[in-house]
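Please read them alongside the structure.

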Amino acid sequence: MWKRLKLAFHKLGSPPIFYRFAQTLIPWLWSLTGVGLAVGLYQALYVVPPDYQQGDSYRILYVHVPAAWQAMATYLIMAILAIIALVWRIRTAEIMAMVAAPIGAGFTLICLVTGAIWGEPMWGTWWAWDARLTSMLILLFIYLGIMGLYAAFDDHRQGAKMASVLVLVGVVNIPIIHFSVDWWTTLHQGSTINLFGPSSMDPTMLPPLIWMTVAVKFMFAAMLLQRARNELLAQDQRKQWTKRLIGDLIE
Amino acid sequence: MTKRHPLRALLRQDLQRAWQHGGQSLLPLIFLFAVIAMIPLGLGPGPNLLAMIAPGMIWVAALLASLLALEGVFRPDLDDGTLEQWWVDDQPVLALICIRLGSHWLISALPIIVATPIAGEMLYLPAEALGLLMLTLLIGTPILSLIGALAAALTIQARQGSALLGLLIFPLTVPVLIFATGAVSAHLDGLTARPYVLLLISLFVLAATLVPLAIKKALQLNLE
């Protein structure tokens, strides 16, 4: 069993095999995403009762919270891929780590924007220098830095290696940043704002959140594979395997 | 570079070069004063407001100034092949990197710390905060040098590397900025600055142990 897993892992390092693997998986992942989103959004918008204080506006949490979780989970996945890329120098891992960054940045942005839209009527302000908001903003800058570094090299592999080192530096630094920002706000203005966590949430409001979170995971996987596949095609457009694959289209 | 004292030779060479380029080495310091001078022009010369924001502003100015000298940390040595010799010649690379970081800090950051009293006077910094501000700069600027040098090593062959530097460095230096200015404002509020200073020291220890390794890796990847 272990040997077969190892073999499969090594095989995925080969671009044509990875391409076929992604090709077969992507439709399934998108279908699961569609089902999850449909059920989750229906429940979130029609089934769940309105909040006794916030009315209907709290429903944006069903987009906000899964996006925030995915924004952080993406970094973790990117870091694991970066380690694989730096240690075993597997090119598909490099590419997957690098295409994960814009997805992570996207989820971070969704989290910030939905938070601002919710915050305007609820807190009376689009933005507050709250610890979590600030941490998310800094996470966005880290994602942008990784994307910028990768894009600044003509040699994609060189850029991926440099950006992978930066990803790993971020792994050490992100907890420290989070902790320091926490300290910074609690000391200066006190925790005037309590984001309601799912733990203190009414159980009836929970199912759509679970549906949406799972749907977002599938969405991430689908986007990751699709972006990696496209990047691979773009980089290898003059290679034999690409020509064999879509030769008729290019010629 | 003699084989027997490569470390001492590097330190001497760096300091000599900085001395020869006199004015250029002082650019970060001049830039700091330019930023400090812009603040009253932008916010108005009211002493109360300026005194309140002085510690944070001096720190932000120091952070910006530290960006300036980074271009020269590894770039010239990469261009003329010295860097490659470090590996080919089997030199103690990690130690050489640390020496380079030390000389970089001596040249670019130490003048800023020494000049802090003048910058503080320009912004009506309360006298009782000056010592602590200088202490936080003394502990914090080496961290800035470390992170900055890492970013410089990563962008050394990148297009528009210097434009990227700021984007890479800013998020990573957030904790330094928070703890350093937190220490000063806690002191001014009559609280103890001790926990902040200790946290700053622990950040320095963490950065000093891990960042040189990352720099070494980054430089090595650049040479491949």
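1. In this predicted model, A:D154 and B:R159 form a salt bridge through their side chains, with an N to O distance of 3.0 Å. A:D154 sits in the loop between α5 (131-151) and α6 (156-188) of chain A, and B:R159 in the loop between α9 (127-154) and α10 (161-172) of chain B, so this pair joins two chains. A:D154 is exposed, at 62% relative accessible area, while B:R159 is partly exposed at 44%.

2. Over all chains, the structure holds 10 salt bridges. The points below take up others among them.

3. A:D236 pairs with A:K239 in a salt bridge whose closest N and O atoms are 3.3 Å apart. A:K239 is partly exposed, with a relative accessibility of 42%.

4. Within chain B, the side chains of B:D14 and B:R100 meet in a salt bridge at 2.8 Å, N to O. B:D14 belongs to helix α1 (residues 6-20) and B:R100 to helix α7 (residues 93-108), so the contact ties together parts of chain B that lie 86 residues apart in sequence. Both B:D14 and B:R100 are buried.

5. One network, made by salt bridges that share partners, joins A:R89, A:K161 and B:E224.

Terms used. Residues numbered from 1 in each chain as written. Chains lettered and ligands numbered in written order. Predicted model: local features only at pLDDT ≥ 70, side-chain atom pairs only at ≥ 80, totals over all residues. Heavy atoms only, no water. Salt bridge = Lys/Arg side-chain N within 4 Å of Asp/Glu carboxyl O. Helix = DSSP H or I, 4+ residues; strand = E, 2+ residues; numbered from the N terminus. Buried < 20%, exposed > 50% of the residue type's maximum accessible area, 1.4 Å probe, protein only.
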